[in-house]
Each structure stands twice: as C-alpha cells, then as structure tokens.
Amino acid sequence: MPPPYEVYVQTRPEVMNYSYDPGNRKMTDLALLRAEVERILKILRREQLELLNLGPLRSAIDGDPDFVSKVAANVRALQKEGLILFAAADTFSGQETYKALIEGGAFATLNISFNIADDEPEQEVFPLARKSNMRVVVREAFIKGVLFRLGREAGLHDEPLLARAAMKWIGARPGVDTVIVGADTDQHLRGNVNALLSPVLDEAERAPSKCCRRTRRSQR
C-alpha cells in the first residue's frame, strides 16, 4: 500500500563516510561509489536514490587538494547515469569543511547540527548555502538528548514543552529548510511536525529557550 505522497530516501554509502574510511578516499573512486549506490538500490528495491549522503572529514580535504572536485565529479556522473537524484553534504569537521563542500557546487543539500545550544552555522554557512541555492537540513535538534538534561538542571522538567520550544526556535530561524528528527512514538512525531508548522514561541516556551541559551553561554 503505497503512501499518498512522494517519499524521498536519503542514505549513506557504507564504510565511506567520516572516520570509517581514513582519508575518505573510497568516495573519490567512481567505480567503488557506483557499485555501492547500485548495492543500496538493490537493497531498497528502488531504481534511483533521491539523496546520497556523503560525509567527508577535514582530513580528506587536507590530504588531497583535489578531493572536493573529485567527489563533485563523481556526484555528477552518478546523476547523469540516473542512479541518484541529488547529493547531501554532511560532515562533523566544522564550518570550514562545510564551506569547502558548498563551494564544490555538486551538493543540493547539507545536513548540519544546529540547535539552541549551537547556532554558529547561521553566521556564515547558512547564507553561503542559500547563495548556492542549497537547502539546509538541520540535525541534533535536541542535542542528542542533552537538551532535556540541561532543562532538568535548570528546573524545567516538562520535556514536551522543551521539545516544542527547541523545534519552534529552529523553525523560526532564517535559512533552515527542514529538520531531521528521531521520534520514539507517533505522538512525538506529530508534536515535532506541529511545532514546525507554527514556529512561534508562546510565553511558556520562551523560558526554556532562554534558559538553555544562558546555559550554553555559561559553559563557554
């Protein structure tokens, strides 16, 4: 029973991203990358992957000045062959690596950590992505669950309230297109979606966001 809407799949090549492949050399090898995408499509029983997530580290760029251009060429080749629709830039190596990937010109979206405790990306990365006609996909909205610990330390024990405040804060930020969430229940998913549909903080929700931002500043 197919859903009554389009479904877009994003996934990563196995053992090619981050530190799983030192230097991320495998993603510069078109034959290896193509074979991996074909394996993914076979597993998913799909003819095309909408978003291939590629996550190199800064060490890959430092070790090969042509790394970004090689990856960009591979992305365009896979698109031309019809194996992928788009590619997503994803890294944990900081803002400069994101900027290098954006400037490579082959990525349609970027996945980046952004939340009320880490708003640095909107200073340079978001505007650069928008200028390059890229879409910004935010992850770690709840700081891997640390948000709720910070709330408890500040005397805020209403976790649904904290979650709404965090999602609304993100949804109201310029430059954010969508948010990746990990929901344990359908109620959690509905709550996250509803918060993004109307990202205006009410009086009760402003207190948690201010509290967590004060906590962040005190920890710097």
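## Helices H4 and H5

In this predicted model, helix H4 meets helix H5 through Gln-95, Tyr-98, Lys-99, Ile-102 and Glu-103. The partners in H5 are Pro-121, Glu-124, Val-125, Leu-128 and Ala-129. By class, this contact has 6 nonpolar, 1 polar and 3 charged residues.

H4 covers residues 95–103, and H5 covers residues 121–131. Their axes come within 10 Å and cross at roughly 5°. Angles under 35 degrees count as roughly parallel. H4 and H5 are therefore roughly parallel to each other.

## Helices H1 and H3

Two packed helices are described by the angle between their axes and by the distance between those axes. For helix H1 (residues 30–44) and helix H3 (residues 67–80), the axes come within 10 Å. The crossing angle is roughly 45°. That makes H1 oblique to H3. The crossing of the H1 and H3 pair is right-handed.

On the H1 side, the contact uses Leu-30, Leu-33, Arg-34 and Val-37. On the H3 side stand Asn-74, Ala-77 and Leu-78. The contact of H1 with H3 has 5 nonpolar residues, 1 polar and 1 charged.

## Helices H7 and H8

H7 and H8 pack at an angle of about 40°. Their axes lie 8 Å apart. That angle makes H7 oblique to H8. H7 passes H8 in a right-handed crossing.

H7 contributes Arg-164, Met-167, Lys-168 and Gly-171 to the contact. These residues meet Asn-192, Ala-195 and Leu-196 in H8. By class, the contact of H7 with H8 has 3 nonpolar, 2 polar and 2 charged residues.

## The largest pocket

Rolling a probe the size of a water molecule over the atoms shows where empty space is left. Here, the largest pocket holds about 370 Å³ of space. Its lining is made of 16 residues. Nearest the centre of the largest pocket lie Phe-142, Phe-148, Ala-163, His-188 and Asn-192. The elements giving two or more residues to this lining are helix H7 (159–171) and helix H8 (186–197).

Definitions and conventions:
Residues are numbered from 1 along each chain as its sequence is written. This is a predicted model: local features need pLDDT of at least 70, side-chain atom pairs count only at pLDDT 80 or more; totals for chains, interfaces and linings use all residues. Side-chain values use heavy atoms; hydrogens and water are left out. Axes are lines fitted to C-alpha atoms, for helices over the stretch in contact, and angles run from 0 to 180 degrees between N-to-C directions. Helices (H or I, at least four residues) and strands (E, at least two) are DSSP runs, numbered from the N terminus. Angles under 35 degrees count as roughly parallel, over 145 as roughly antiparallel, 65 to 115 as roughly perpendicular and the rest as oblique. A crossing is left-handed if the near helix is turned anticlockwise from the far one by less than a right angle, and right-handed if clockwise. Contact means heavy atoms within 4.5 Å. Ala, Val, Leu, Ile, Met, Phe, Trp, Tyr, Cys and Pro count as nonpolar, Asp, Glu, Lys and Arg as charged, and the others, Gly among them, as polar. On a 1 Å grid over the protein atoms alone, a cavity is a set of points where a 1.4 Å probe fits but cannot get out, and a pocket is an open set with protein on both sides within 12 Å along at least five of seven lines; lining residues have an atom within 4 Å of a point. Grid points are joined across faces, edges and corners, and a volume is the space filled by probe spheres set on the points.
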